Amino acid sequence: MENIEVIKTPEEVNQQIKAMGREITRAYNGEPLTMLVVMNGGLFFAAKLAEAIDMEDFYVDSIAAGSYKNNVCSGVVELRSTLKLDPRGRHVIIVDEVLDSGRTLKAICKNILDMGALSVKTAVLVEKELPRPDGLEHADWAGFFMDDRYLIGCGMDSNEKYRQYPGIAVML
């Protein structure tokens, strides 16, 4: 790829995801856990994170949600799908690639709690360091903390491109 500045190498990303997986495994220690992946961005991070979580009673589901169109946040969170698995009686960890405004994660958390989940926590690969007056203030697990730049890779995209890049980069 041309015109990018690599912020985190694929090796650094993979090491951090493995460490997060170990922490999540310890935190839930045999409890029923469902990973709810926010599509499409959370897909790449969630796949690696799921491999790093060592639990038997572990389900994976997905939800389509978002507030971005043409690289601009609309400010309105849109839940675009329903769950396949019932979250009632289970702990749920919502997984997304980046915590930006926090509106999407906050809306999904509320929705899942209203559906009867035992608890709802969040895991993101990148938590941007910025104020979130209307959104989720912080993720429960964050791989990296970064300033507010437009990132690509590990599910983060620019008009749906570059999600597959295994590191984290900034477009120049």
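This is a predicted model: local features need pLDDT of at least 70, side-chain atom pairs count only at pLDDT 80 or more; totals for chains, interfaces and linings use all residues.
**Overall fold**

The protein chain contains 3 helices and 9 strands, and these elements follow one another along the sequence in the pattern β-α-β-α-β-β-β-α-β-β-β-β. A compact globule of 172 residues would have a radius of gyration near 16 Å, and because the protein chain has 15 Å, its value agrees with that expectation. Along the principal axes, the C-alpha trace spans about 45 × 35 × 25 Å. Of the contacts between residues at least 6 apart in sequence, 68% join residues at least 24 apart.

**The three-stranded sheet**

An open sheet is built from 3 strands in the order β1-β9-β8, with antiparallel pairing. Its edge strands, β1 and β8, each pair on one side only. Strands of a sheet pair through backbone hydrogen bonds, in either a parallel or an antiparallel arrangement. The strands of this sheet span the following residues.

| Strand | Residues |
|---|---|
| β1 | residues 4–8 |
| β8 | residues 151–152 |
| β9 | residues 168–171 |

Between β8 and β9, which run antiparallel, there are 2 bridges; isoleucine 152 has alanine 169, in β9, as its bridge partner.

Note on methods: Residues are numbered from 1 along each chain as its sequence is written. Side-chain values use heavy atoms; hydrogens and water are left out. Helices (H or I, at least four residues) and strands (E, at least two) are DSSP runs, numbered from the N terminus. The radius of gyration is taken over C-alpha atoms; the globule rule is 2.2 Å times the number of residues to the power 0.38. Contact means heavy atoms within 4.5 Å. Two strands pair if DSSP finds at least two bridges between them.
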